[in-house]
Amino acid sequence: MTAHDLVVPGFVDVHVHGALGHDFATCSADDARAAVAHHAGRGTTTMVASIATGTPDATVAALRRLGPLVDEGVLAGLHLEGPWLSPARRGAHAAELLHAPTPAEVDTYLDAAAGTLRIVTLAPELPGALDAVARLTAAGVVVAIGHTDADAETVSRAVDAGARLVTHVFNGMPPLHHRAPGPVGVALTDPRLHVEAIVDGHHLDDVTVDLVRRSTGSRMVLVSDAMAATGCDDGRYRIAGSDVVVSDGVAILADGSSLAGSTSTVLDGFLRLLAAGTPLDEAVDASSGRALALLGLPASPDRVVVDTTTGRVRPHTEVSA
């Protein structure tokens, strides 16, 4: 141990699409294990695998392929980000794959997941979305509001129906406006909502991060939104049916229209919070405790040692019960 070392709870990531060239929506179970191991090497000891928009058959196949990893404890659950998203705020999700939810499709995904589906992101303004919120919530799934063009009233109705999370706040939604607060306004003010933040220096300006942190108090949750290029060289990749170019570690749609996930980890966000002067206990809560509470999971005994100078992480194996 050195003066720069911090012993902290293992990080929790509830929004992560892969690493090492492996996308959870399409990769094999063994490749998913490799992606999980990459994030574990950077301190993430609990992970919910995010499955981006695909065809219904591909989504069912991904749920069935990854579900056993949840049963084994490799993953803490699965997250569907799509296909029930707004084309107007789709980001990297291919427009032709997006559509409104139906009760039959909701049930199909719940059946395929066999109890391993923990989070679903949807746009509450879509036809049938509020019914989907209620059905998913009744099944024990955390419903997240994201990739949405909804107004504040519609978002609030979704929260009333059971939604409890906002997917990567400010991204994939209208900007905050003083006469049209929209999803961001509700996210910052409704105490029922946990709020995801991608603190990678690209998705949110540091001032915006501070706004989210100060507004939400104990509700901000760090996520990576890491895509397959995480841990890889710059180049061309694919996610959610769209081509992506990664340059200098920044993932952008090939047409330049949108960011396309990140190549960061929760560790990166944790270190950026500390560098900005966030109190250590608050940064720890944002990187682990709040996500566990959202998922209804107990505190993990896993601890990691973070060198705040180099950013290196190693396991801490001498923690008492």
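The legends below describe close-up views of a predicted model.

**View 1. Eight strands form an open sheet.** The strand order is β2-β5-β6-β7-β8-β9-β10-β11. Pairing in this sheet is parallel. β2 (11-16) and β11 (220-222) stand at the edges. Each edge strand has a single partner, so one side of each is left without a neighbour in the sheet.

**View 2. Strand β5 pairs with β6, and helix α2 lies across them.** β5 covers residues 44-52. β5 and β6 run in the parallel sense and are joined over five bridges. Ile51 stands opposite Leu80 of β6. Helix α2 spans residues 56-72. The helix lies across β5, β6 and β7 (117-122). Relative to β6, α2 runs at about 155 degrees.

**View 3. Helices α3 and α4 cross at roughly 30 degrees.** α3 is residues 103-113, and α4 is residues 129-138. Their axes come within 10 Å. Angles under 35 degrees count as roughly parallel, and α3 and α4 are therefore roughly parallel to each other. The crossing of α3 past α4 is right-handed. From α3, the contact uses Pro103, Val106, Asp107 and Leu110. From α4, it uses Asp131, Ala132, Arg135 and Leu136. By class, this contact has five nonpolar, three charged and no polar residues.

**View 4. Helix α4 packs on α5 at an angle of about 25 degrees.** α5 is residues 152-161. The axes of α4 and α5 are 9 Å apart. The two helices are therefore roughly parallel to each other. α4 passes α5 in a right-handed crossing. On the α4 side, Leu130, Val133, Ala134 and Thr137 take part. They meet Arg157, Ala158 and Ala161 of α5. The contact of α4 with α5 has five nonpolar residues, one polar and one charged.

**View 5. Helix α5 crosses α6 at roughly 45 degrees.** α6 is residues 182-189. The axes of α5 and α6 come within 7 Å. That angle makes α5 oblique to α6. The crossing of α5 past α6 is right-handed. Ala152, Val155 and Ser156 of α5 meet Gly182, Pro183 and Val186 of α6. The residues of this contact divide into four nonpolar, two polar and no charged.

**View 6. The loop between β6 and α3 holds Pro83 and Ser86.** The peptide bond from Gly82 to Pro83 is cis. Its omega is near 15 degrees. β6 itself covers 77-81. Ser86 has a relative accessible area of 4%. Buried means under 20%, so Ser86 is buried. Leaving aside neighbours within four places in sequence, Ser86 contacts Leu98, Ala123, Glu125, His147, Thr148 and Asp149.

**View 7. Ala114 has a positive phi, as does Ala240.** Ala114 is found in the loop between α3 and β7. Its phi is near 50 degrees, in a residue other than glycine. The relative accessible area of Ala114 is 60%, so Ala114 is exposed. Ala240 sits in the loop between β12 (235-239) and β13 (242-247). Phi of Ala240 is near 55 degrees. Ala240 has a relative accessible area of 7% and is therefore buried.

How values were computed:
Residues are numbered from 1 along each chain as its sequence is written. This is a predicted model: local features need pLDDT of at least 70, side-chain atom pairs count only at pLDDT 80 or more; totals for chains, interfaces and linings use all residues. Side-chain values use heavy atoms; hydrogens and water are left out. Axes are lines fitted to C-alpha atoms, for helices over the stretch in contact, and angles run from 0 to 180 degrees between N-to-C directions. Helices (H or I, at least four residues) and strands (E, at least two) are DSSP runs, numbered from the N terminus. Angles under 35 degrees count as roughly parallel, over 145 as roughly antiparallel, 65 to 115 as roughly perpendicular and the rest as oblique. A crossing is left-handed if the near helix is turned anticlockwise from the far one by less than a right angle, and right-handed if clockwise. Contact means heavy atoms within 4.5 Å. Ala, Val, Leu, Ile, Met, Phe, Trp, Tyr, Cys and Pro count as nonpolar, Asp, Glu, Lys and Arg as charged, and the others, Gly among them, as polar. Buried means under 20% relative accessible area, exposed over 50%, partly exposed in between (1.4 Å probe, protein chains only). Two strands pair if DSSP finds at least two bridges between them.
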